[in-house]
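Dear colleague,

My notes on it follow directly after.

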Amino acid sequence: MTKPTILMPSRMMPLVVERLAARFHLVRLWEEADREAWLAAHGGSVRGIAAGAHHRIDDAFMGRLPHLEIVASFGVGYDHVDAHAAARRGVVVTNTPDVLTEEVADLTLGLLLATVRRLPQAERYLREGRWKAQGSFPLSPTLRTRTIGILGYGRIGKAIARRLDAFGVTVVYHGRRRQEGVPHRHYDSLVEMARAVDTLICVAPGGAGTRHLVSTQVLEALGPDGVLINVGRGSVVDEAALIAALDKGTILTAGLDVFEDEPNVPAALLARDDVVLLPHVGSASVHTREAMGALVVDNLVSWFEGAGPLTPVEETPWRGEGAAS
Ligand code: 8YV
């Protein structure tokens, strides 16, 4: 039996490349001298895509692959894949949920504490010899009195909330609908929640439905003691509004792991000493990235064994028709 052809548009981690190459006919598109020519000549042979976290898989791209069956995407967020277009084309999309939940939640707590207690600034102070020269580092704000609102109360949001419960701070959430059987208060309106809290943690996925949810109005509602933490997608926060809010003292500070135009971080943020900026490392441990990579491969293997996708996204639910491998 001929091996199904899997297209990898951009480089992925070695574990994924090696496992896919062993099981499938793997095309490393980024190594092709003329990608357009390859797609024109061989697009019809492609049955699956292994998609890195940042490679855009849109309707036009899928249209060049008439026998495409499945897009296995790396990462829990899949705003780089047009899943609605995939659904229209009968193509299944998978992501890598669950395996990164606790890791991202850990990182979020680290970023929150670093931002509120000013840990990077304190470390810089020590390294610059200022402890010796100038005495104690200035007192920081505190987590102790804070009420924390979570935007994106899904798997990762709940894992963050569980950790915050253990820290003894109040947690509430905003989401499209109120969830039953959860210990945290729900707010219908993001602005109302922002008014009721002083710390906003964004874990919301990207895409058109969440773009710029954190607006000037939300930041104003958060208020002058407000701390914004974003670990979901940069597009959820209106970055220009955030910069203006920091400049005007509309909010106190921010800790950001994600940005609107990664890896480009606005100079206005880089210039600020009070914000904590991370290069999108929420899930970026060896342990978790390997688990995510393995799940990309396992989805493709399961599909081409006729057992269906392991973790299809909600736009392309599994209806029980396997691949005819
Ligand atoms: C990605 C993430 O893996 O899973 C997601 O949605 O944001 C990360 O864990 C990251 O985008 C890879 O660079």
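**Domains and ligand site**

The protein chain in this predicted model is divided into two parts: domain 1 covers 5-99 + 287-304, and domain 2 covers 101-277. Their C-alpha centres lie 32 Å apart. The contact draws nine residues from domain 1 and eight residues from domain 2.

The size of an interface is often given as the accessible area lost when the parts come together. Between domain 1 and domain 2, the buried area is about 620 Å², and carbon and sulfur atoms give 42% of it. On the side of domain 1, the residues that lose the most area to domain 2 are Asp79, Asp98 and Thr288, which together account for 60% of what that side buries.

Two salt bridges are counted between domain 1 and domain 2. Aspartate 98 also forms a salt bridge with arginine 155, with the closest N and O atoms 3.4 Å apart. Four residue pairs are in polar contact between the two domains. The side of domain 1 that touches domain 2 comprises three nonpolar, four polar and two charged residues.

Turning to the ligand, the residues that surround it include Ala53, His54, Phe74, Leu100 and Met292. The shell divides into five nonpolar, five polar and two charged residues. On its own the ligand has 330 Å² of accessible area, of which the protein covers 89%.

Yours sincerely

Note on methods. Residues are numbered from 1 along each chain as its sequence is written. This is a predicted model: local features need pLDDT of at least 70, side-chain atom pairs count only at pLDDT 80 or more; totals for chains, interfaces and linings use all residues. Side-chain values use heavy atoms; hydrogens and water are left out. A residue is near a molecule or strand if one of its heavy atoms lies within 4 Å of it. Accessible areas come from the Shrake-Rupley method with a 1.4 Å probe; for residues, only the protein chains shown count as cover. Ala, Val, Leu, Ile, Met, Phe, Trp, Tyr, Cys and Pro count as nonpolar, Asp, Glu, Lys and Arg as charged, and the others, Gly among them, as polar. Domain bounds come from an automatic or database domain assignment. Contact means heavy atoms within 4.5 Å. Buried area is the accessible area (1.4 Å probe) that two parts lose on being put together, summed over both. A salt bridge is a side-chain nitrogen of Lys or Arg within 4 Å of a carboxyl oxygen of Asp or Glu. A polar contact is a pair of N or O atoms within 3.5 Å; within protein, one must be able to donate a hydrogen and the other to accept it, and residues adjacent in sequence count only if both atoms are side-chain atoms.
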